[in-house]
Amino acid sequence: MGYRLLILGLLAATLLYLALARQIPLDAWSAGELINSRTLPTGYGCLLALTLTGMLVITPPGARDPTHGWQALALTALLAVFVGVVPTLGLWIATAGLLLAAMLILGERRMLPLLLLALGIPAGGWLLVEHWLGIYVPGMGA
C-alpha cells in the first residue's frame, strides 16, 4: 500500500508540474512554433506521468523493498529543491546538480559515470536546445 501511495503522490506532483509547465510564458514569435520553451518540460512531464501510471499497474521487481523508501523521499525532496534553484542557478547548472545528487542518492560512487552524466546531459541539452534549435533559456538570475 505504501508503494502505491508513493507513486500516487509522485503522480500528483507530476500533474502539478505539468500545469506549471503549460504556464511558461511565450513571446509572440515562438507561440506559434511547434518547438518552444514549453515543449521540453511538457514532454518530460508527460513521459513521467505515463511511467508513473504504468508503475501503478505493474509493480517492478523489488519495488516493495522498504529500504528504498528513503531514496524515494530523498529524490522527491531533491526535485523540490531543483524547482527552487532553477531561477537562481539557471536550468543547465541546476540540471547538473540534480543529476549528480540523484545518482549519489541512488548509490552511484564511480567518478566517471557521475561526471559524464552530470555534465554530459546538461551540455547535450544546451547544445540541442540553445545552439541547434536556437531557443534561449535564461541563465542565472534571469
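Contact here means that heavy atoms lie within 4.5 Å, and residues are called buried when their relative accessible area is under 20%. Bear in mind throughout that this is a predicted model.

Begin by selecting helix H5, residues 111-132, which has 22 residues and reaches 29 Å from its first C-alpha to its last, close to the 32 Å expected at 1.5 Å a residue. Within H5, colour Leu114, Ala118, Pro122, Gly125, Val129 and Glu130, the buried residues of this helix, and then show H2 and helix H4 (91-105), against which those buried residues pack. Beyond the helix, select Gly134, which follows H5 and has a positive phi, near 70°.

Now turn to the surface and select Leu34, Ile35, Trp126, Leu127, Leu128, Trp132 and Leu133, which form a nonpolar patch with about 740 Å² of accessible area together. One of its members, Ile35, sits in the loop between helix H1 (2-21) and helix H2 (39-57), and its relative accessibility of 39% makes Ile35 partly exposed.

For a charged pair, select Glu108 and Arg110, which form a salt bridge whose closest N and O atoms are 2.8 Å apart; the structure holds 1 salt bridge. Arg110 is exposed, at 54% relative accessibility.

Finish at Gln71 in helix H3 (residues 69-89). Is Gln71 buried or exposed? With a relative accessible area of 13%, Gln71 is buried, and, leaving aside neighbours within four places in sequence, Gln71 is in contact with Ile105 and Leu106.

Conventions: Residues numbered from 1 in each chain as written. Predicted model: local features only at pLDDT ≥ 70, side-chain atom pairs only at ≥ 80, totals over all residues. Heavy atoms only, no water. Helix = DSSP H or I, 4+ residues; strand = E, 2+ residues; numbered from the N terminus. Buried < 20%, exposed > 50% of the residue type's maximum accessible area, 1.4 Å probe, protein only. Salt bridge = Lys/Arg side-chain N within 4 Å of Asp/Glu carboxyl O. Patch = residues over 30% accessible without salt bridge, like charges linked within 9 Å, V, L, I, M, F, W, Y side chains within 5 Å. Areas by Shrake-Rupley, 256 points an atom, 1.4 Å probe, with all protein chains shown as cover. Expected span 1.5 Å × (residues − 1).
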